[in-house]
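Let's take a look at a protein model together. Have the sequence and the 3D view ready as you read.

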Amino acid sequence: MLGKIFGWTSGATIGTLFTIAKRGEPVGTDEFGNRYYQSRDTTSYDGRRRRWVTYNGYADASKVPPDWHGWLHYTYDEPPTEHPLPRRAWEKDHLPNLSGTPMAWRPQGSLAAEGQRPAATGDYEAWRPE
């Protein structure tokens with residue numbers, strides 16, 4: 001319960017949930033479980049309906065897929081639930097930023113990958129000031 005009161009990193013706080021219930025209407029959910037909302041009125045400073053996301057789990061903006069990102073930033077008028085973006089054959093599925101996780105990419109020779117660096121080839125000469 002304290003996490004919902006004070007912790008904003010793992011989903012919505014109680015204040016956010018109250019605001020959503022009072023002023024927001026659900027628009028959709030993405031493949032990561034993030035939920036998207038827009039305001040019921042246009043009382044924002046620019047006269048547009050406000051849009052926001054509540055993250056499923058840890059709050060990380062890289063977990064927002066490109067189509068929902070475009071909707072959140074008013075690039076698209078309709079949400080992806082009403083007008084999905086066409087997928088190209090060369091496009092890969094969206095992945096959140098995996099840096100700092102066990103799934104992060106580790107190049108060959110990285111201490112985090114194998115724990116052993118390849119042997120030196122002998123072609124390196126250290127710089128020495130003259």
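A salt bridge here means a side-chain nitrogen of Lys or Arg within 4 Å of a carboxyl oxygen of Asp or Glu. Keep in mind that this is a predicted model.

## Charged pairs

Side chains of opposite charge can pair when their charged atoms come close. By the rule above, the count comes to 5 salt bridges. One of them links Asp46 and Arg48, with the closest N and O atoms 2.9 Å apart. Both partners are partly exposed: Asp46 has a relative accessible area of 33%, and Arg48 has 38%.

Now find Arg87, which is exposed at 52% relative accessibility. Its side chain meets Glu91 in a salt bridge at 3.7 Å, N to O, and Glu91 counts as partly exposed at 33%. Arg87 also meets Asp93, at 3.4 Å from N to O. Through these shared partners, Arg87, Glu91 and Asp93 join into one network.

## The nonpolar core

Which residues make up the largest nonpolar core? There are 8 of them: Val27, Tyr36, Val53, Tyr55, Val64, Trp68, Trp71 and Leu72. Helix α3 gives the most to this core, with 3 residues. Looking beyond its close sequence neighbours (up to four places away), Trp68 touches Val27, Gly28, Thr29, Asp30, Tyr36, Pro79, Pro80 and Thr81.

## After α3

Tyr74 lies in the segment after α3. Most residues other than glycine have a negative phi, but the phi of Tyr74 is positive, near 60 degrees.

Leu98 also sits in the segment after α3. Together with Leu95 and Met103, Leu98 forms a nonpolar patch on the surface, with about 330 Å² of accessible area in total.

Note on methods. Residues are numbered from 1 along each chain as its sequence is written. This is a predicted model: local features need pLDDT of at least 70, side-chain atom pairs count only at pLDDT 80 or more; totals for chains, interfaces and linings use all residues. Side-chain values use heavy atoms; hydrogens and water are left out. Patches are made of residues with over 30% relative accessible area and no salt bridge: like charges are joined within 9 Å, nonpolar side chains (Val, Leu, Ile, Met, Phe, Trp, Tyr) within 5 Å. Accessible areas come from the Shrake-Rupley method with a 1.4 Å probe; for residues, only the protein chains shown count as cover. Helices (H or I, at least four residues) and strands (E, at least two) are DSSP runs, numbered from the N terminus. A nonpolar core is a set of buried Ala, Val, Leu, Ile, Met, Phe, Trp, Tyr and Cys residues joined through side-chain atoms within 4.5 Å. Buried means under 20% relative accessible area, exposed over 50%, partly exposed in between (1.4 Å probe, protein chains only). Contact means heavy atoms within 4.5 Å.
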